[in-house]
Amino acid sequence: MSAEAVGIESVGFYVPRYFVDMRRLAAARGADPDKYVHGLGQHKMCVAPPDEDVVTMGASAAHLALRDVDESEIDSVFFATESGVDQSKAAAIYVHRLLGLPSACKTVEFKQACASSTVALLAARALVASGMDRKVLVVAADVARYELGSPGEPTQGAGAVALVVSRQPRIMSLEEGHGAHTEDVMDFWRPNYRREALVDGKYSIKVYIRSLCEAWKRYHAATGRAFADHQRFCYHLPFTRMAEKAHAHLVVTATGKHAAREEMGRHIDAGLVYNREIGNTYTASLYIALCSLLENEELPASGRIGMFAYGSGCLGIFFSGLLTAGYREFLHREEHLRQLRERTELSVAEYERMYHFRLPEDGRRFEVPVHRTGPFRLAGVENHQRIYEGTRPRVRPDTQSQHPVAAETTC
Ligand code: CAA
């Protein structure tokens, strides 16, 4: 690891404790199960219960990512989401309090569909490289939601990931140079008055691929790195078959040739394992795919990973990282596998009940029924304020309060 290396010191993800099996969903919707399982490449999708939102999921992911990290050195918390809980206040501030992070932190929320987590990560890298920040906590969390019975429904999911960026990139250093592509398109969007996204699905796939090819060309021009300089590739995964389609196009754009399925599989397959079990997590999806790659395959130190982020609307970014010797020692593989293993299956009727749940919008006090969650949950709402609570003794006592603590002005 070079003295100047900046990158990922720690990464952890969190997924809700409930899932729907895609074959059961297909049966309920009158679809061929093979379409969901093979055509889209999805086996299960996570469902967030009423007492989980992007704050609880993001805080739970960050709780894991910070396990072996000196939290006193966190100078910024960047929170990326497209299913935020407030138009004004950053979800980062709730997470900051729930985790008891230093008050000297800068806290902010980023938005550009699924790509904002990558902008946050690159901004974190720049802040740390400049010497302005020692460590930045980047959190990405989303609930992917489409209308029941729509083509988008089997591409839902929920989850969060947290990454610590620092000068001790025990897992992966983030390399200089990237390629970006922005274009004003209406492939997927969600007006403020809607809970479900609107999507032109087939068009969104085309724009994803076009953005990948344009971003790659700019990345290649900026860095001189060729396709063969990358050992593996990680993609934003709205559904896992998307990576196959995308990678086939990248191979042709970058090399002028087609690759055999076996070779393509070597490049991308280990990165698809977790997302197939979780579904789309929008901003978190690319980094859950990175966890999947690193935890399901042993790769050589200094192996280069090509990463593509896509956010509808749209922004594509291609960038890369170099694996650090001994990176496997710092992964949270067992905890991730435990979370995936210990989920409860919902019937389609139970999933639909959770889907239709709504918090009151008139400011009255309401306690959210208790479901299985991680270390944090949404306890209720009162006076239009969300009330979060810790669920386990290992959470610091100062995060247990039922109500947001208003800091007294002493100056
Ligand atoms: N057995 C096996 N495969 C089958 C099958 C069967 N019985 N029936 C159909 N299939 C295959 C189809 O051939 C197709 O595969 P190919 O694409 O390789 O041809 C695949 O299953 C899907 O079938 P359709 O294209 O007919 O599916 P659809 O029209 O119902 O919807 C979708 C697919 C457009 C992705 C839809 O799920 C959707 O709109 N999802 C939300 C939008 C989305 O995820 N877009 C991705 C890019 S945008 C992005 O990445 C940002 C983001 O996160 C949203």
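Buried means under 20% relative accessible area, exposed means over 50%, and partly exposed lies in between (1.4 Å probe, protein chains only). This is a predicted model: local features need pLDDT of at least 70, side-chain atom pairs need 80 or more, and totals for chains, interfaces and linings use all residues. Residues are numbered from 1 along each chain as its sequence is written, and side-chain values use heavy atoms, without hydrogens or water.

**Overall build**
- The C-alpha atoms fill a box of roughly 60 × 55 × 40 Å along the principal axes.
- Of the 411 residues, 57% count as buried.

**Aromatic pairs**
- Rings of Phe, Tyr and Trp (its six-membered ring) pair if their centres lie within 6.5 Å; planes under 30 degrees apart are stacked, over 60 edge-to-face, the rest tilted.
- The count by this rule is 13 aromatic pairs.
- Tyr 219 and Phe 318 are a tilted pair, because their centres lie 4.8 Å apart and their planes meet at 50 degrees.
- This pair links distant parts of the chain: Tyr 219 sits in helix α6 (residues 201-223) and Phe 318 in strand β14 (residues 315-323), 99 residues apart.
- Tyr 219 has 0% relative accessibility, so Tyr 219 is buried; Phe 318, also at 0%, is buried.
- Phe 357 and Phe 366 form a tilted pair, with 6.2 Å between centres and 35 degrees between planes.
- Phe 357 is partly exposed at 21% relative accessibility, and Phe 366 is partly exposed at 23%.
- Tyr 146, Phe 188 and Tyr 282 make up one aromatic cluster.

How values were computed:
Helices (H or I, at least four residues) and strands (E, at least two) are DSSP runs, numbered from the N terminus.
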